[in-house]
Amino acid sequence: MNFLKYLLAIALAMALAACGGGGGNPGTTSGSTAGSSSGTGTGSSTTTTTTTTSAPMITLAIVDAMDAAVTSNAIGSGALFYVKAVVKNASGSTVANKLVTFTTASTVATLAQAAALTDANGVAKVQISPVSVTAATAGNLVASATVDTVAISSDLDYQTSAANVSLTNLKVVTSPISALQSSAVTVEGRVNGVLAGSSVVAVNFSASCGSFSPASASTSSAGIASTTYQSAVTCSGPVTLTAQATGATAVTTTISVAVAQPANVVFSSATVPLMVTSAASGGLKQSTLKFQVLDGSGAGMSGQSVSISLANSTISAGVTFSGGTTAPQVVPTDGSGYASVTVSSGGLPTPVVVTAALVGFTPVVQASSSGVAITSGRATQNAASLSATKLSIEGFNVDGVQTTLTIRVADRQGNPVPAGAPVNFVTGHGSVVGTCTLDSASQCNVTYTSQGLRPTNGRVAILAYMDGEESFIDQNGDNIWQPGEPFYDVGTLYRDDNENGVYDAATEQIYPGGLTGTSSCASAVYAYPSVVNSCDGTWSSSIRVRQQIIISLATTEANVILTTPRTLTGFTVRVTDLNGNAMPTGTTVSAAVVTSGANCTVSSTSPNVVRNSANGGDHVVNLNGATDCSTVRVAVTVTPPSSVATVVSF
């Protein structure tokens, strides 16, 4: 039996040898290396070895400050945690000085830096911290690099855990303070019982009265949050200060605040700065004056008692408080610190002096009104005037040339007439704005424009008038005209278009107003233009206060006439337009010797600009006195603002 087994084994070996014969390695597979053969005949054998091809890679881990792996990738506040990346090439060797970038959700954690280089061991580390010491959530972090042109990345999930946050030692640097003063405030932030360092604690501050700036502050590297408390004007006594942080119990302390004190009183406003006397037929006769009590910061203070009184001179003019009393009024300030009082005008024009003083303060804290007055309320003839920016305009042949007219009036005492009173303007040629209203300076402006039919002589009369009263001399000082007191009687108003000082019924228009009589009128200085013998012989509180002005519509060409003989030192010429009126305001006049080789020269021309007048004017040409100055030709050049020059030689 044993022999039989032996024979079978020999036969099997021979069969296997026969199958492997004939050369080559049919048993070698891709990725295998053919082994060496001891022969080509019977008994030869073939050996194969297999290896695995690798790629670059990054491995990630969360480690603590000791480089120990953190269980469950959990990070928190109060300790240092890092993301550790190890970079290897395809052969499995670590790669030094390789840039690794890190990214994670900013709402979960923050990275101390977004990239780092690997060290000699192929390790790159960056610190990772939770965004909040109280946050408990999860996030994903990705690290990327490029090794041998191959981009590789790896990621890991991590968990943030809430820390134990507390606030301690809330301190006020200065106490007590006065209302509106401030004090620095600090509080310690702790994480897991240790002063917050790299872990930032956000602290919110509030007060039972007053405010903080800033109202929220984060702890510093020393674990301290700092802010400033600012007390309000209403604060007094103990004020509770509170510091709060998410996840921590609020802490409080108190600061002592003294009551705010008034620092100043100021006059604020008057509803009617310019009242009229009680005797006036119209106008506003009451005004409400406001004073404000201020604290040290300039804020109004409520609930303060203010004594408001009239000056003796104001009382003497008949001014009273509403209700007719002149006794001082004690008024409390409102929520904005204002104390108000109403005064009524008396029979006399006067400045209104009202004084407000804080009650119970030494030295006295007070202020007086300014810019408040009482006038007679009516314009008077002898205080009215009318002027123009240009009394001669280049408008005889040109439309749209303008000049500005200004009316100024005052009452009998020379005080302004209350703003808003209307003044009327009329003219027979061109266009003038019909009405203007007086401003606070008791004046107003209108514009005249050249257009339409021109007068043949180029002279335009413009009349301004308003309601007013006749002036008088108040001999007994009662502000009321009494029989026997001198006055300036004016009669019926007309526009004197031909400037002859006499009303011509056929060609000139009247503007009635007030009483009409048959008496002679006052001097033309006060009454012009008035119809002759139209005054009533008695003082009147209702007249037309009037002023007339002449505007010249000048031609563009000048007329230059020699008015004095030539001398060695000069001569005089009269310069007008072709109608004998002034050349346009702003026209220049110059002269020059035009004789060739002359020793004579023009020293100056005086004036060298046409005066602002409706009438032509004289101009002196001054020569240097040379012996030929009486014979040389001198050219006078007249140049209007917008036209070609006129040149005349003498």
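Before anything else, I noted the terms: buried means under 20% relative accessible area, exposed over 50%, and partly exposed in between (1.4 Å probe, protein chains only).

I am looking at a predicted model, where local features need pLDDT of at least 70, side-chain atom pairs count only at pLDDT 80 or more, and totals for chains, interfaces and linings use all residues. Residues are numbered from 1 along each chain as its sequence is written, and side-chain values use heavy atoms, with hydrogens and water left out.

**A263.** I found A263 partly exposed, at 45% relative accessible area. It sits in the loop between β19 (251-258) and β20 (264-270); strands are DSSP runs (E, at least two residues), numbered from the N terminus. Beyond residues up to four places away in sequence, A263 touches L294, D295, G296 and V365, contact being heavy atoms within 4.5 Å. I also checked M301, 38 residues apart from A263 along the chain: their C-alpha atoms are separated by 9.7 Å.

**T427.** Next I went to strand β35 (residues 422-427), where T427 is found. T427 counts as buried because its relative accessibility is 18%. Its side chain reaches the backbone oxygen of H429 at 3.3 Å and that of A461 at 3.0 Å. Leaving out neighbours within four places in sequence, I listed V432, Y448, V460, A461, I462 and R495 as contacts of T427.

**Cores.** A nonpolar core is a set of buried Ala, Val, Leu, Ile, Met, Phe, Trp, Tyr and Cys residues joined through side-chain atoms within 4.5 Å. The largest one has 54 residues, and V187 and F205 are among those with the most contacts inside it. Apart from it I noted another core, of 29 residues, including A384 and V446.

Definitions and conventions: Helices (H or I, at least four residues) and strands (E, at least two) are DSSP runs, numbered from the N terminus. A polar contact is a pair of N or O atoms within 3.5 Å; within protein, one must be able to donate a hydrogen and the other to accept it, and residues adjacent in sequence count only if both atoms are side-chain atoms.
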